[in-house]
Amino acid sequence: MVGSCLFLRIILFVGVLGCRVNGLGVNWGTVASHQLPPKTTVKLLKDNGILKVKLFDADNTILDALAGTDIEVMLAVSNQELKTMTDFDKAKEWVKANVTKYTNKGGVNIKFVAVGNEPFLKAYNGSHINTTFPALKNIQDALNDAGVGDTIKATVPFNADVYDSPDKNPDPSAGKFRPDIFATIKEIVDFLAENKAPFIVNIYPFLSLYGNDEFPVDYAFFDGGKSIVDSVTGNKYADVFDANYDTCVSALKAAGHGDMPVVVGEIGWPTDGDKMANTANAFRYYSGLLPKLAADKGTPLRPGSYIEVYMFSLFDEDSKSIDPGNFEKHWGIFTYDGQPKFPMDFSGKGENKTLVGAKDVKYLPKRWCTVNPDATDTNKLAEKMQFACNKSDCTSLGFGSSCNKLDGNGKVSYAFNMYYQMNNQDDRACDFQGLGKVTTENISQGTCNFLIQLEPPPQSSSSSGSSPDSKSSPSSSSSSPSSHAYPSSSASLVGLAFIAVLTFMLV
């Protein structure tokens, strides 16, 4: 049996759940350089029977696309807007512009407004502690004033680092909210209870494995983890998911709300960017999670309960920060262009079928950028590769990732092509002082896909790519968070490690 000290480490950085709202949800993030049209994405959701979606903002084009569907929607007030929402008049304006505008017959089926995104994360050093509750209260009061507060609830998605168990008693039954935020979070949960709103927590068992080779791998999944016994209740925990669920339930109980409904705002498994982030592990994870949800098994402290979750995420997002790790751009259950990565069965019946991909997707022409075989001065290959990686997505080249086994020229070509595609195949973005060359031959190799980017919308099609010697970078517009707000993790910048090796290989 795993020791109690390991038990405490295991239950960190993961979350909880509970409460029933029909259907399985998904997070729709938009931190990407090229995105599918919102109407195409809504069609994808409907084709796959996804009945709930969680947004990171209140984008009007997305809301317009969701209008007239039965898809339940969670809008969001960003962390950057929290201070503004402490002004009640501003909160009323926000609700009018983003909620009641869409609640007419045939409008958007809005169910929740998420106020902030993991605002009490330790890495934020308390910067949102004084604004989150006033913003939450004002948004809910504005919803009430608008006459929609009975059906649309304001709540706050928290990171699982808001609670833990003490070192002397590292069991789920001993879970409590962090002392530094207890008073504020107590106000919040009291307010949520008063307004019959759920508690939201984001849960990521993958993070237990990331950078921790001592963590028992099977315990992150649902198919054979060694059980741990709670020394107080005697409950057995065969996976880290259940252990964290009950740690949060205990924290809520200690705050006076042991029966509060809980929604898992984010849960998933990345498919690239780390040795543990791959489609095989993602398939394994979801193949355990979805049947568990379908069976209403609950957890030891809430047996037989339905667990409501929003999978993270719908698509890969190539413009996200990689401060948490290279995997951060690869959480999608669909690729950047809306194609399924692996079989899934949202019914949880074990019938792992291929999901329905996005239809009528428009791509740029079939052109790639590769290393110019006729180039004579190759001394600057590493320098140009680093430039390309700094301004595009090279995370698949990292250790244990899908393109890590490419040879030196293959890695340079991958970087050149990612930059070229990021810049809408502008010929100048494949020059690299004569080191790059455009080809119409697909240069993908094995597990490494040299992608063709999506056709940009008309308004941005005229934008020109920046040359490899300029200081500008391709633009991307999104009000979503640039990265997940995870517990502190060292930055993982692509470039440095393999560029050093590459320089040696090219000498």
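In this predicted model, Val26 touches Leu45, Ile50, Lys52, Val53, Lys54, Tyr310, Met311, Ser313 and Leu314, leaving aside residues up to four places away in sequence. Val26 belongs to strand S1, residues 25-28. Its relative accessible area is 0%, under the 20% cut-off, and Val26 is therefore classed as buried. The C-alpha atom of Val26 lies 9.0 Å from that of Ile267, although 241 residues separate the two along the chain.

Helix H9 covers residues 279-294, 16 residues in total. From first to last C-alpha, H9 reaches 22 Å, close to the 22 Å expected at 1.5 Å a residue. At the start of H9, a side-chain oxygen of Asn278 comes to within 3.3 Å of the backbone nitrogen of Ala280. After the helix comes Asp296, with a positive phi near 50°.

The buried residues of H9 are Asn281, Ala282, Tyr285, Tyr286, Gly288, Leu289, Leu290, Lys292 and Leu293. The elements against which these buried residues pack are tabulated here.

| Element packed against by H9 | Residues |
|---|---|
| Helix H8 | 240-254 |
| Strand S12 | 262-267 |
| Strand S13 | 298-299 |
| Strand S15 | 309-311 |

The second largest pocket has a volume of about 540 Å³. Its lining consists of 26 residues, and those nearest the centre of the pocket are Asp272, Asp316, His330, Thr335 and Ser396. By residue class, the lining of this pocket comprises 8 nonpolar, 11 polar and 7 charged residues.

Terms used
Residues are numbered from 1 along each chain as its sequence is written. This is a predicted model: local features need pLDDT of at least 70, side-chain atom pairs count only at pLDDT 80 or more; totals for chains, interfaces and linings use all residues. Side-chain values use heavy atoms; hydrogens and water are left out. On a 1 Å grid over the protein atoms alone, a cavity is a set of points where a 1.4 Å probe fits but cannot get out, and a pocket is an open set with protein on both sides within 12 Å along at least five of seven lines; lining residues have an atom within 4 Å of a point. Grid points are joined across faces, edges and corners, and a volume is the space filled by probe spheres set on the points. Ala, Val, Leu, Ile, Met, Phe, Trp, Tyr, Cys and Pro count as nonpolar, Asp, Glu, Lys and Arg as charged, and the others, Gly among them, as polar. Helices (H or I, at least four residues) and strands (E, at least two) are DSSP runs, numbered from the N terminus. The expected span of a helix is 1.5 Å times one less than its number of residues. Buried means under 20% relative accessible area, exposed over 50%, partly exposed in between (1.4 Å probe, protein chains only). Contact means heavy atoms within 4.5 Å. A polar contact is a pair of N or O atoms within 3.5 Å; within protein, one must be able to donate a hydrogen and the other to accept it, and residues adjacent in sequence count only if both atoms are side-chain atoms.
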